[in-house]
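Hi everyone, and thanks for coming. Let me put the sequence and the model up on the screen, and then I'll walk you through a few places in it.

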Amino acid sequence: MLTAATIALMIASTSPAQAQDAPTRVFVSPFIAETREATSIASLMSGFLRQQLDAHAELDAIGADEVGPIFDTSAQLYLDSCPAGDQVGCAFVVGEVAHAEYALTGSVDSAGDVSRVNVIIIDVLESRQVISFQADLAVGDDVVFADGVARILVAVVSGEAGRSADIRDTDDSASRATTQARRQAEIAAQLDQLSLELGDVTTLSTRTEMEIERPRFTIGDLSDRMDQEGVKPWERLDMKPREYLRYKNSSLSLRDWRQRAMGRQGQLILRAGLGAGTGPSHGEYYGLFARSDQDLNVMEAYSYQAVTSGSGYSVAASASYGILPFLEVGAHLASTSGRYSLLIDSYVVGDEHTLNDPELRSNSVFSIGPQILGVLLPTSIIRPVVGLDADFSVGTTITSRYGLPVAELDGFSRPTWLSVGGRVGVEARITDQIDLFLHLPFGAVVAGQSSQSTRVGSDGLDVQDIIAPPSLSPIYAGVTGGIQIRLGGKKAKTGGVLDSSMM
């Protein structure tokens with residue numbers, strides 16, 4: 001049951017004073033000095049503007065010193081290391097981190113007895129530049145200029161009233177057009193007023209559709225930093241210049257970057273995949289014997305077993321351990337399917353005969369061996385892979401799948417061989433522990449006996465029926481793809497000044 005006190009509290013909580021909108025948050029970026037003579041006024045410009053913006057109840061101005069870390073570096077350091085020409089993108093990124101609706105940035109140049117100031121207003125929520133304008137300031141004009149900028153920003157904010165509803169209602173194009181027109185009129189009026197107060201204000205652009213691109217650090221920016229005196233940005237982070245370039249363009253926090261840079265070290269890597277290729281995956285058995293026309297005893301028998309090359313499919317798995325960020329050692333195994341050709345026939349000495357056609361059956365080859373893999377660019381999402389392999393392979397023996405009709409046919413021992421080779425490939429990060437991989441293995445058989453043959457008795461078989469075993473092509477190549485899981489790993493060292501800024 002509602003008491004009188006509760007009702008009064010509910011009414012008070014919905015009073016106009018409580019229902020007023022919170023002030024619009026505006027990030028004011030430090031201004032860039034285009035010349036040495038403009039350094040002094042540029043260093044003061046951010047403070048002037050913040051003070052004047054705060055004089056308007058509808059605005060809440062914040063500076064770089066009030067913004068949290070950007071990718072684990074301070075906002076000020078991030079802005080100081082912003083690539084030349086990317087000040088809008090950098091101010092936009094800091095504005096996002098600051099949860100600001102708008103951002104203000106610009107530059108100052110010297111033009112004789114006046115300072116030429118270029119101001120850019122950024123709509124952070126819509127990732128676009130609203131307007132940029134230029135004004136020439138004489139001595140003592142700074143307060144008038146700052147107040148004029150505040151009024152223009154108020155016009156931008158008030159002209160965007162109802163923006164959220166307009167964005168959601170895509171069919172209300174007429175309403176959006178009216179809002180845009182009202183905002184442009186208010187901005188133009190404030191620019192005209194500022195021009196009257198200062199003498200000349202030039203509107204450079206009102207780009208309401210141009211999206212802001214996030215800044216990228218280039219080789220040129222790196223060269224410029226190398227030529228500057230003092231501690232370099234990469235030295236602060238204990239990085240090499242090229243690593244710093246990749247880090248700046250990675251969108252990763254410093255903590256995440258350093259953890260990725262640890263790569264394979266200390267990790268257990270498990271892989272499973274499917275493959276296809278050409279190599280020693282087929283088998284062949286040929287057995288022929290001749291019986292006496294007197295008592296049908298076996299007079300002569302000839303047989304061979306051979307490993308042959310052909311196309312096949314494989315199931316593969318491996319386990320390895322990372323001893324360095326870019327190097328892992330382990331073992332891999334695979335089962336490869338192929339074809340087994342089987343021909344066993346006989347005839348009576350002196351009879352005319354025709355041999356049967358070979359019977360084709362399935363074959364399997366089991367391989368196991370050590371593996372060394374090197375993974376380049378451990379911090380990248382897509383990483384090149386190179387490696388070395390050795391395989392001890394075991395083929396199929398005839399007696400494991402077929403009973404020989406006579407003892408004179410040899411069952412032979414199970415064929416084995418040794419191959420060495422390598423692989424190249426690529427892997428792509430899916431999560432911090434899971435990757436997809438694609439490898440292209442290749443190599444050659446270097447040892448083992450690919451064929452064996454036996455001849456028992458004499459004067460029974462026709463000469464043309466005693467054929468030599470087929471030779472083995474030693475080269476193999478294929479493709480294997482699948483998923484890999486990385487477990488554990490060495491932790492990156494933390495505790496530096498920049499790392500602790502996130503604690």
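Some housekeeping before that. This is a predicted model, so to speak of a local feature we need pLDDT of at least 70, and side-chain atom pairs count only at pLDDT 80 or more, while totals for chains, interfaces and linings use all residues. Residues are numbered from 1 along each chain as its sequence is written, and side-chain values use heavy atoms, with hydrogens and water left out.

Now, how many cavities of 30 Å³ or more turn up in a search of the whole structure? The search finds 3. A cavity here is a set of points, on a 1 Å grid over the protein atoms alone, where a 1.4 Å probe fits but cannot get out; lining residues have an atom within 4 Å of a point. Grid points are joined across faces, edges and corners, and the volume is the space filled by probe spheres set on the points.

The largest cavity holds about 600 Å³. Its lining has 37 residues, and S314, A334, T336, P441 and Y476 are the ones nearest the centre. Two or more lining residues come from each of β8 (267-291), β9 (298-324), β10 (327-348), β11, β12, β13 (416-429), β14 (434-448) and β16. Strands here are DSSP runs of E with at least two residues, helices are runs of H or I with at least four, and both are numbered from the N terminus. β8 gives the largest share of that lining, 9 residues. By type, the lining divides into 14 nonpolar, 19 polar and 4 charged residues.

Of its 11 lining residues, T73, S81, Y244, Y247 and K248 lie nearest the centre. α4 (75-80) and α11 (241-248) each supply at least two, and α11 gives the most, with 3. This lining has 8 nonpolar residues, 2 polar and 1 charged.

On to the rings. There are 4 aromatic pairs, meaning Phe, Tyr or Trp rings (the six-membered ring for Trp) with centres within 6.5 Å; planes under 30 degrees apart are stacked, over 60 edge-to-face, and the rest tilted. One of them, Y286 with Y302, is edge-to-face, at 6.2 Å centre to centre and 65° between the planes. Y286 sits in β8 and Y302 in β9, so this pair ties together parts 16 residues apart in sequence. Y286 is buried at 5% relative accessibility, where buried means under 20% relative accessible area, exposed over 50%, and partly exposed in between (1.4 Å probe, protein chains only). Y286 also pairs with Y304, this time stacked, at 5.3 Å and 15°.

Finally, the loops. L377, between β11 (359-375) and β12 (382-394), has a positive phi near 55° and is partly exposed at 41%. D459, between β15 (451-457) and β16 (475-488), has phi near 60° and is exposed at 67%. Why point these out? Most residues other than glycine have a negative phi.

How values were computed. On a 1 Å grid over the protein atoms alone, a cavity is a set of points where a 1.4 Å probe fits but cannot get out, and a pocket is an open set with protein on both sides within 12 Å along at least five of seven lines; lining residues have an atom within 4 Å of a point. Ala, Val, Leu, Ile, Met, Phe, Trp, Tyr, Cys and Pro count as nonpolar, Asp, Glu, Lys and Arg as charged, and the others, Gly among them, as polar.
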